[in-house]
There are 2 protein chains.
Amino acid sequence: MQNIKCTIAYDGSTFSGSQIQPQARTVQGEVEKVLKKMHKDKPIRIYPSGRTDAGVHALGQVFHFKTDLTIPETGWHKALQSLLPRDIQIKQVRFVEDTFHARFSALDKEYRYIVLNTEEPDLFRRNFTYHSAFTYDIEKMQAACKVLEGEHDFTSFASTKSTVTGDKIRTIYEISCHRINKEVRFSVRGSGFLQHMVRIIVGTLLDIGCGNIPADELTHILEAKDREKAGITIPPEGLYLWEVNYEKETDNT
Amino acid sequence: MQNIKCTIAYDGSTFSGSQIQPQARTVQGEVEKVLKKMHKDKPIRIYPSGRTDAGVHALGQVFHFKTDLTIPETGWHKALQSLLPRDIQIKQVRFVEDTFHARFSALDKEYRYIVLNTEEPDLFRRNFTYHSAFTYDIEKMQAACKVLEGEHDFTSFASTKSTVTGDKIRTIYEISCHRINKEVRFSVRGSGFLQHMVRIIVGTLLDIGCGNIPADELTHILEAKDREKAGITIPPEGLYLWEVNYEKETDNT
């Protein structure tokens, strides 16, 4: 059996999330449908690095699966791309060691969030950015980013509906915020993320940036371990799973 | 009865064209559904400046309709925007003279076409640009634009399925082509357009720009009055109805 690592991009606006569900169009569902067809109707399970919610996009989602087909890497790339719908794009296919696991082998993940900061919303980017006409203090938000970096209990920044068992301690290696033309962009890289964690972090940072939440409240919000204390869960359309990082070795058989 | 001129933008990728059709989601259908609701179930017909095909976008489509409701301009704007789906945006609502007609009062129309000229397609712009990795000679295309300007019989640049009765003589006031970063953009302003005319013009200009059609063929293509002689009908996703122009007077009651 060959273990295969596959990196994909997708337009989340057209899916009911990434994880397979009955009676809903999902990224995993579409990929497994194609793999089943390629394996003469034999169901093939894929294992993604993690799930993304409905409306959330990906530029570098990773999954792995095992196959007994003997097709070269480039053949897999072409076959998958030609059979998958237009809203899923194959970025890379790599043969990897049998022990590689898209979720458990991941070192860290990077998410980005794009705010379109203009007076009027842009009809053609409504599914790909979050629109806000507020004025944001970028330097204030950059200082707040630093407070969140490091290892913390992120209970205040997790959905109360989260089904995660175990603690809510996660490590954020880096958060940054900057303005590029009409956009305010956030980048968050961490060891792992709780449900809605990036969206609540960005929502809270924006609340700080426009003065709704005082900057010095952030430490108290973290310490409170109470979802009520943090800012809103910002909508999914501005969020992108940007990259999942692994040890370099796993890229080779 | 008040005559109302309404300017709208829409994302054409989510509609089966602009013109009302049974059992299909259309721009006109969505607008008339909202107006019917506002008029206590009385059907209200709207008259657009012209139709756009499935997948074609608009930044400045115009329609008019007559109403016996007494709502101010700003009230119409807010009511329509709040009742219409997210892929239609109200740009302007104006009370106009009774004689104003969105189609017959129009002086000219401008269409634009956006080609994303990069090696790799962009997943998030697939419905809003036409992707091509070819190398285009912009100066050659600019020279070809000049040949098409003026009054011509555009039979070679019209769909053979066109249901237009009468001649196919139209006037193009201006065609331009330029590169902005990774995009090649076309702008075409004219008195009126035949079915697929802009898409066939841009398809032919691109064929000239990448060397598929010799530049000096263009005059012969026009003279031939034969759809077979021109280039391909380029896909709808890069096309935008940009603006419809009227006499300034029609903007006032």
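Guide: Gladly. Leaving out neighbours within four places in sequence, Gln195(A) is in contact with Asp53(A), Phe157(A), Ala158(A), Ser159(A), Lys161(A) and Ser162(A). Please keep in mind that this is a predicted model.

Visitor: What makes Asp53(A) a contact of Gln195(A)?

Guide: A contact calls for heavy atoms within 4.5 Å, and Asp53(A) is listed among the residues that Gln195(A) touches. Gln195(A) itself sits in the loop between β9 and α4 (197–209) of chain A.

Visitor: Why is Gln195(A) called partly exposed?

Guide: Its relative accessible area is 31%. Buried means under 20% and exposed means over 50%, with partly exposed in between, so Gln195(A) is partly exposed at 31%.

Visitor: And how far is Gln195(A) from Val31(A), in sequence and in space?

Guide: They are 164 residues apart in sequence, and their C-alpha atoms are 23 Å apart in space.

Visitor: Let's turn to Arg185(A). How do you know whether Arg185(A) is buried or partly exposed?

Guide: Buried would need a value under 20%. Arg185(A) has a relative accessible area of 21%, so it counts as partly exposed. This residue belongs to strand β9 (residues 183–190) of chain A.

Visitor: Which residues does Arg185(A) touch?

Guide: Setting aside residues up to four places away in sequence, Arg185(A) touches Tyr113(A), Ile114(A), Ser176(A), Cys177(A), His178(A), Ile180(A) and Trp242(A). Asn117(A) is 68 residues from Arg185(A) in sequence, with 9.9 Å between their C-alpha atoms.

Visitor: What makes the phi of Lys40(A) worth a remark?

Guide: Most residues other than glycine have a negative phi. Lys40(A) is not a glycine, yet it has a positive phi of about 50 degrees. You will find Lys40(A) in the loop between α1 (27–38) and β2 (47–48) of chain A.

Visitor: Why is Lys40(A) called exposed?

Guide: Exposed means over 50%. Lys40(A) has 78% relative accessibility, so it counts as exposed.

Visitor: What can you say about Lys225(B)?

Guide: Lys225(B) also has a positive phi of about 50 degrees although it is not a glycine. Its place is the loop between α5 (218–224) and β10 (239–245) of chain B.

Visitor: Why does Lys225(B) count as partly exposed?

Guide: The relative accessibility of Lys225(B) is 49%. Exposed would need over 50%, so Lys225(B) counts as partly exposed.

Visitor: Stepping back to the whole chain, how do you know that the radius of gyration of chain A agrees with that of a compact globule?

Guide: With 253 residues, a compact globule would have a radius of gyration near 18 Å, and chain A has 19 Å, so the two agree. The C-alpha atoms of chain A fill a box of roughly 60 × 40 × 35 Å along the principal axes. Buried residues make up 50% of chain A, and the chain has five helices and 10 strands.

Visitor: What links chain A with chain B?

Guide: Here, 19 residues of chain A are in contact with 18 residues of chain B. The area buried between the two chains is about 1400 Å², and carbon and sulfur atoms give 57% of it.

Technical notes:
Residues numbered from 1 in each chain as written. Chains lettered and ligands numbered in written order. Predicted model: local features only at pLDDT ≥ 70, side-chain atom pairs only at ≥ 80, totals over all residues. Heavy atoms only, no water. Helix = DSSP H or I, 4+ residues; strand = E, 2+ residues; numbered from the N terminus. Rg over C-alpha atoms; globule rule 2.2 N^0.38 Å. Buried < 20%, exposed > 50% of the residue type's maximum accessible area, 1.4 Å probe, protein only. Buried area = accessible area lost by both parts, 1.4 Å probe.
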